[in-house]
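Have the structure open while you read.

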Amino acid sequence: MKENPILSAKGEIRILANPDELNRRAAEEFVCLSGEAVQAKGFFTVALSGGGTPKSLYSLLASEGDSFRSRVSWDKIHFFWGDERHVSPDRPDSNYRMVQEAMLSKVPVPPEHIHRIKGENPNASETAQEYEQELRKFFWLGAGQLPQFDLVLLGLGPDGHTASIFPGTDVILEQRRHVVASWVEKFNAHRVTLTPPVFNNAACVIVLVTGGEKAETLRAVLHEEYRPERLPAQLIRPTRGRLLWLVDREAARLLPP
Ligand code: 6PG
């Protein structure tokens with residue numbers, strides 16, 4: 001595998017030739033990070049991203065024909081979601097459904113290790129509060145403590161959003177709550193999302209970005225002045241953890257050499 005790391009205060013940026021290479025690199029990270037965590041403490045926690053980009057990564061991890069699947073201790077992993085659409089789990093746009101179809105239905109994960117956001121609850125704020133309670137219980141959190149995921153996977157939207165932290169929304173400023181329901185004007189719908197302090201408390205955050213239509217946004221997020229109200233992905237700066245951008249050549253084409 002060709003390595004071309006670019007290190008900066010904004011994390012480590014690796015440019016891969018195409019989406020296939022990017023998925024293989026992300027799968028390798030998943031295998032290594034989960035293996036290390038399982039060895040150190042007996043389990044691994046991951047917050048998954050939705051949208052289209054990670055779907056092929058999830059399929060690759062679960063695929064019979066590849067070496068990744070057999071290198072993962074599936075029964076030692078707890079799966080969470082970084083964000084969810086305000087829909088029931090059987091809807092085609094449910095992030096839970098996407099992950100279930102691409103990966104979780106194909107691997108031996110105990111059902112109690114699948115911690116989905118209950119998008120079917122008509123009250124989105126209640127959904128967020130319940131998920132926060134679930135995080136508090138799972139991570140044994142005391143007052144003022146944040147959950148620490150071993151891995152957070154994120155994507156980048158063409159408008160600079162990440163997870164469901166959209167430009168101009170209140171969640172950008174959220175410091176106290178771990179999960180919120182956020183009204184997204186352009187979809188005329190709520191999204192439920194983990195908040196910046198939770199993402200930034202992770203041991204490792206990997207952002208997957210592919211395709212030329214994200215190139216200008218990626219350049220702006222990494223190289224323009226810090227204005228997260230306009231480009232929420234700029235909020236992602238783990239306080240103690242590692243930040244890795246996995247970017248394909250198309251998406252990286254406007255990055256300075
Ligand atoms: C979602 C996401 C979202 C996504 C970006 C990129 O629920 O849609 O979690 O933040 O990662 O919108 O989406 P694509 O991978 O589909 O471009």
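The largest pocket has a volume of about 260 Å³, a volume being the space filled by probe spheres set on grid points that are joined across faces, edges and corners. Keep in mind that this is a predicted model: local features need pLDDT of at least 70, side-chain atom pairs count only at pLDDT 80 or more, and totals for chains, interfaces and linings use all residues. Residues are numbered from 1 along each chain as its sequence is written, and side-chain values use heavy atoms, with hydrogens and water left out.

**The largest pocket**
- On a 1 Å grid over the protein atoms alone, a pocket is an open set of points with protein on both sides within 12 Å along at least five of seven lines, while a cavity is a set where a 1.4 Å probe fits but cannot get out; lining residues have an atom within 4 Å of a point.
- This pocket has 20 lining residues, and G50, G51, G155, L156 and H161 lie nearest its centre.
- β5 (83-85) and β6 (151-155) are the elements that give two or more residues to the lining, strands being DSSP runs of E of at least two residues and helices runs of H or I of at least four, numbered from the N terminus.
- β6 gives the most, with 3 residues.
- The lining splits into 7 nonpolar, 9 polar and 4 charged residues; here Ala, Val, Leu, Ile, Met, Phe, Trp, Tyr, Cys and Pro count as nonpolar, Asp, Glu, Lys and Arg as charged, and the others, Gly among them, as polar.

**Cavities**
- There are 2 cavities of 30 Å³ or more, and the largest cavity holds about 60 Å³ of space.
- Its lining includes K10, A233 and W245, and α6 (215-223) and β10 (242-248) each supply at least two lining residues.
- By class, that lining has 6 nonpolar, 1 polar and 2 charged residues.

**Helix packing**
- α1 (residues 19-41) and α2 (residues 55-62) pack at about 60 degrees, with their axes 9 Å apart; axes are lines fitted to C-alpha atoms, for helices over the stretch in contact, and angles run from 0 to 180 degrees between N-to-C directions.
- N23, R24, A26, A27 and F30 of α1 touch S56, L57, L60 and L61 of α2, contact meaning heavy atoms within 4.5 Å.
- Those α1–α2 contact residues come to 6 nonpolar, 2 polar and 1 charged.
- α2 also packs with α3 (residues 95-102), at about 35 degrees with axes 8 Å apart.
- There, K55, Y58, S59 and A62 in α2 meet M98, V99 and A102 in α3.
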